[in-house]
Amino acid sequence: MLLGVNIDHIAVLREARKVADPDPLDALGICKRSGADQITIHLREDRRHMQDSDAKNIIELSTLPVNLECAIASEMIDIACELKPHRVTLVPEKREEVTTEGGLAVTGEQPKLKVAIKRLQKEEIEVSLFIDPTLDAVRAAVDLHVEWIEFHTGKYANIHTMLYSNLAKTHHSIPELELSRKVLKQMLDDELRNLRLLSCDAMELGLRVAAGHGLNMQNVSDIVEIETIEELNIGQSIIARSVYVGLEQAILDMRAKLIR
């Protein structure tokens with residue numbers, strides 16, 4: 001399984017103190033040496049972590065393919081078309097969100113989305129849609145003629161964390177998931193089954209399938225077993241683990257988890 005390492009949270013640390021260190025650019029060689037297959041970055045409209053200069057430098061200097069996540073706003077598509085990363089993953093954004101809360105709205109008439117996809121593909125940039133794991137979203141992605149989809153695994157990750165960690169005993173507990181272990185286990189099984197079925201459907205419809213959001217050393221193994229998912233994009237958990245073991249070891253540890 002391919003591993004895209006999202007290095008946004010290096011920039012989060014930098015912006016927390018409004019200084020020039022740590023520099024996400026310094027991570028590129030470590031990611032390559034550690035076996036990453038791709039660098040993933042998210043240039044948000046509010047520029048809360050990655051900046052335009054980061055995106056430019058990373059795309060120009062990375063020897064690994066770069067997957068640029070961005071909104072469908074015309075300003076962001078302009079930047080993507082100028083920088084020409086290997087792939088652009090179109091994602092939803094809300095200014096008030098802590099992190100991306102769900103998949104992109106892809107069903108129904110989506111004129112802005114269609115224009116963005118056509119512009120990117122004209123520049124020979126692969127396009128992926130970050131979507132919720134639903135059949136309607138998969139079918140819409142097929143109709144939009146993109147090359148990739150990336151399933152938002154946040155629901156799976158949240159259920160897993162509430163079931164198998166102490167999250168429910170902390171101030172970050174998820175109220176709607178404060179349920180019995182039996183119910184949570186059934187929900188987790190259902191979500192895995194859904195991801196497996198939809199990944200197979202997507203592949204049969206000609207889409208390449210990635211997944212990401214909330215994946216970590218504890219919950220990734222069951223996702224790895226879904227053979228029709230060929231790539232995972234993982235960031236926060238790798239960067240968080242690097243505080244204790246270093247970035248190279250954190251990537252190596254995750255890389256080992258992705259062996260089928």
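Here is a short chat about a predicted model and some of its features.

Me: Which order do the strands of the barrel follow, and is the pairing parallel or antiparallel?
Reply: In this predicted model, 8 strands close into a barrel in the order β1-β2-β3-β4-β5-β6-β7-β8, and the pairing is parallel. From one strand to the next, the twist averages 25°.

Me: How many bridges join β5 to β6?
Reply: Strand β5, residues 126–131, is joined to strand β6, residues 148–152, by 4 bridges, and the two run parallel. If you look at Ile131, you will find that its bridge partner in β6 is Phe151.

Me: OK, and which strands does helix α8 lie across?
Reply: Helix α8, which covers residues 181–204, lies across β6 and β7, and it runs at about 170° to β6. Helix α11, made of residues 247–257, lies across β1 and β8, running at about 150° to β1.

Me: Switching to Ile10, where is it, and is it buried or exposed?
Reply: Ile10 lies in helix α1, which spans residues 8–17, and it counts as buried because its relative accessible area is 10%, while the cut-off for buried is under 20%.

Me: What is Ile10 in contact with, apart from its neighbours within four places in sequence?
Reply: With those neighbours left aside, Ile10 is in contact with Pro22, Asp23, Pro24, Ala27, Ile239 and Leu247.

Me: Which residues other than glycine have a positive phi here?
Reply: Among them are Glu124, with phi near 60°, and His145, with phi of about 60°. Glu124 lies in the loop between α5 and β5, whereas His145 is found in the loop between α6 and β6.

Me: Are those two buried or exposed?
Reply: Glu124 is exposed, with a relative accessible area of 76%, and His145 is exposed as well, with a value of 61%.

Me: Last topic: which residues form the nonpolar patch with Val245?
Reply: Val243 and Tyr244 form the patch on the surface together with Val245, and the three have about 370 Å² of accessible area together. Val245 belongs to helix α10, residues 236–245, and it is partly exposed, with a relative accessible area of 37%.

Technical notes: Residues are numbered from 1 along each chain as its sequence is written. This is a predicted model: local features need pLDDT of at least 70, side-chain atom pairs count only at pLDDT 80 or more; totals for chains, interfaces and linings use all residues. Side-chain values use heavy atoms; hydrogens and water are left out. Patches are made of residues with over 30% relative accessible area and no salt bridge: like charges are joined within 9 Å, nonpolar side chains (Val, Leu, Ile, Met, Phe, Trp, Tyr) within 5 Å. Accessible areas come from the Shrake-Rupley method with a 1.4 Å probe; for residues, only the protein chains shown count as cover. A salt bridge is a side-chain nitrogen of Lys or Arg within 4 Å of a carboxyl oxygen of Asp or Glu. Buried means under 20% relative accessible area, exposed over 50%, partly exposed in between (1.4 Å probe, protein chains only). Contact means heavy atoms within 4.5 Å. Two strands pair if DSSP finds at least two bridges between them. Axes are lines fitted to C-alpha atoms, for helices over the stretch in contact, and angles run from 0 to 180 degrees between N-to-C directions.
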